[in-house]
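Open the model in your viewer and keep the selection tool ready. This tour goes from one selection to the next and says what is found at each stop.

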Amino acid sequence: MRTTSSAPVEAQRIQELNGVPERRGAYVLYWMQQSQRAAGNPALELAIASANRLGLPVLVVFAVTADFPGANLRHYAFMLQGLAETAAQLRERGVAFTIRHGAPDAVVLELAPQAALIVCDHGYLRIQKQWRAQVAAAAAVRVVRVEGDVLVPVAAASRQREVAARTLRPKLLALREQYLRRLPSVRPEVSAAQLRVPSSLALEDVPGALAALRIDRTIGAVPGWTGGLSHARARLRAFLRADLAHYDVARARPGAPRVSGLSPYLHFGQISPLEIALAIRQSAAPAAARESYLEELLVRRELAVNFVDTTPDYDCYQSVPEWARRSLHAHRDDPRPHVYDYDQLTQARTHDRYWNAAMREMLATGYMHNHLRMYWGKKVLEWSADPAAGYATLLRLNNSYFLDGRDPSSFANVGWVFGLHDRPWPERPIFGTVRYMNAAGLARKTDIEVYVRKWGASAPAPLAL
Ligand SMILES: Cc1cc2nc3c(=O)[nH]c(=O)nc-3n(C[C@H](O)[C@H](O)[C@H](O)COP(=O)(O)OP(=O)(O)OC[C@H]3O[C@@H](n4cnc5c(N)ncnc54)[C@H](O)[C@@H]3O)c2cc1C
C-alpha cells in the first residue's frame with residue numbers, strides 16, 4: 001500500500017483539487033464537511049501530518065448551511081449533537097475548531113487567506129461536489145481532498161456506473177484486504193491553543209444552536225437516536241455483543257431486529273466504515289454472519305456510492321434503467337385499485353396495516369428496518385398515479401423522514417424500487433417487469449405480525465412529530 005511521505009493515508013484516497021502550491025500561513029485548514037468525526041478520519045490525519053511537516057497548528061472549520069437540500073430539524077439535531085462531541089474531541093487532541101453559519105464555500109474562503117494548505121473530505125452528492133469545486137477554484141492555495149467515508153476508494157473500485165451488485169462485488173472483494181488496515185492517529189506537534197477563531201454557533205448548547213438556525217422545522221427530532229461517535233460506538237459494541245452472530249439469519253425479522261442501526265451515523269460521517277469493518281472482521285461471530293454484514297456495509301453501500309458518483313441525474317426518475325422505465329410506462333394506464341397522495345401516506349392512512357406500521361416507525365423514529373423499506377417503497381410505486389410521480393413521492397418521503405436520508409444509499413435504493421441494480425422479472429400489472437412485492441410474501445418470510453404489534457395503529461402513538 002502506497003502512502004504519501006507526509007501522511008498515514010493511502011495515496012488512492014488523496015486527490016489534488018487545484019494544482020496550486022502550498023505557501024506560508026498561520027495554520028493548515030481542514031474543512032470538515034462529510035467526515036464529521038475526530039477519530040478514524042483520514043482527512044484529519046492528513047491535515048495533522050501536513051501541519052507537523054509545516055510546523056503549523058491545525059484549524060478545523062465546519063460550515064452549517066440552513067438550506068441543505070431536503071434537510072430539516074430531525075437531521076440538524078442529530079448532526080449538531082455529533083458535531084458537539086467532535087468539537088470537544090478535536091480540542092482534546094490539540095486541534096482548533098470553529099463552526100460557522102453560512103454557505104460552506106463562502107465560510108471556507110473567509111479562512112483561506114491565512115491557510116498554508118486546505119484539506120477537505122469527500123462527498124458524492126452534487127452539492128458537495130459543487131462546494132469543493134468552488135473552493136478549489138477560488139482559493140489561492142493548495143486544496144487536497146481525502147476520501148474517508150468508503151472502505152475502497154470509489155475510482156479504485158470502478159470508474160464506470162456498475163450494472164448491479166454482481167458486477168461491483170468482485171472488484172471490491174479483490175481490493176478489500178488492501179484497504180482494511182487500521183488508520184494511525186497522528187499527534188499534533190504544534191498546539192492550536194493560540195489560534196483565536198470565533199464560532200457563530202455555540203455547540204455547548206445544541207438546543208440553543210438549533211433555535212438560532214433558520215431551518216425547516218416541520219419534522220421534529222427523534223428521541224432514541226443521539227448523534228455522535230460515542231453513541232455510534234455504543235451501538236456497534238451492542239451489535240457485536242448480541243446480534244452480529246445471528247445477522248445472516250435474523251435479518252428477516254423486523255419485529256425483533258438484530259441489525260446494527262449504524263446508517264444515520266455513517267450518513268453524517270460520525271463513524272468510519274473502516275472502524276466498523278475492522279470490528280466486524282475481528283469479532284468471534286461465525287464467518288457467514290460476518291460476511292453477510294460486510295456484504296451490506298461494503299458491497300451494497302459502495303454500490304450506492306458508485307451510482308451517485310457516476311450518474312449526474314442520480315436524483316431523477318430518468319436515472320432508472322431504460323428497460324424498467326419502458327416497462328413501467330407500458331403499464332402506466334393499468335387500473336390502480338388504490339392511489340394515495342403524499343398527505344395520506346404521511347398520515348399512515350392506507351388500507352395496508354403492514355405499510356401503515358412501517359410508516360409509523362419511520363415517522364416516530366426516523367428509521368425503518370431494511371425488509372420493510374423494500375415493501376414500503378414497492379407499495380408507493382403501486383399506489384401512485386404514474387411511475388415518475390411515485391418516484392418523486394418516495395424520494396421525498398425517504399429524504400424527509402429518515403435520519404439516514406439524502407445519502408447515496410437513499411438515491412440508489414429508491415431507484416432500486418423502480419428497477420435500478422435489478423433485473424427484469426415476470427410481467428404483471430402496474431409493475432411490468434420490475435420486481436413486485438406483496439403482503440403475503442412479507443407474512444411468509446418475516447415476523448411481520450410482531451412488527452405490527454409494535455408499530456401498528458393500536459401501538460402507542462408515535463412521538464415527536
Ligand atoms: C426503499 C429503500 C430506501 C432506503 N433508504 C435508505 C436511506 O435513505 N439511507 C440509507 O443509508 N439506507 C437506505 N436504505 C438501505 C438500508 O435499508 C439501510 O441502509 C439499512 O436498513 C440501515 O439500517 P442498519 O444500519 O441497521 O443496517 P444494517 O443491516 O446493520 O447494515 C449495515 C450497514 O450496511 C449498509 N446497508 C445495509 N443495507 C443497505 C442497502 N440496501 N443499500 C446500501 N447500504 C446498505 C448501511 O450503511 C448499514 O448501516 C434503503 C433501502 C430501501 C429498500
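Helices (H or I, at least four residues) and strands (E, at least two) are DSSP runs, numbered from the N terminus. Two strands pair if DSSP finds at least two bridges between them. The model is a predicted one, in which local features need pLDDT of at least 70, side-chain atom pairs count only at pLDDT 80 or more, and totals for chains, interfaces and linings use all residues. Residue numbers start from 1 along each chain as its sequence is written.

**Stop 1: the sheet**

Select β2 (residues 27-31) and β5 (residues 115-121): these strands run parallel and are joined by 5 bridges. Within this pair, Tyr27 stands opposite Ala115 in β5.

Now show the whole sheet, which is open, has 6 strands in the order β1-β6-β5-β2-β3-β4, and has mixed pairing. Its edge strands are β1 (14-16) and β4, each of which pairs on one side only. From one strand to the next, the twist averages 25°. Axes here are lines fitted to C-alpha atoms, for helices over the stretch in contact, and angles run from 0 to 180 degrees between N-to-C directions.

**Stop 2**

Select β3 (residues 58-64) and β4 (residues 96-101), a parallel pair with 6 bridges. Val61 stands opposite Thr98 in β4.

Helix α2 lies across β3 and β4, at about 150° to β4. Next select helix α4 (residues 126-138), which lies across β2, β5 and β6 (143-146) and runs at about 155° to β6. Contact between two residues means that their C-beta atoms, placed from the backbone, lie within 7 Å.

**Stop 3: the domains**

Colour domain 1 (1-148), domain 2 (150-185 + 228-310) and domain 3 (317-455) separately. These bounds come from an automatic or database domain assignment. The centres of domain 2 and domain 3, taken over C-alpha atoms, are 24 Å apart. Their contact takes 19 residues from domain 2 and 18 residues from domain 3. On the domain 2 side, α10 and α12 are the elements that give two or more residues, and α12 gives the largest share, 6 residues.

**Stop 4: the ligand**

Which residues are closest to the ligand? Among the 26 residues that surround the ligand, the closest are Val259, Ser260, Gly377, Ser410 and Asn413. A residue counts as near if its C-beta atom, placed from the backbone, lies within 6 Å of the molecule. Domain 2 and domain 3 each give at least three residues to this shell. Select α10 (263-267), α12 (287-310), α16 (370-382) and α18 (408-417): each supplies at least two residues of the shell.
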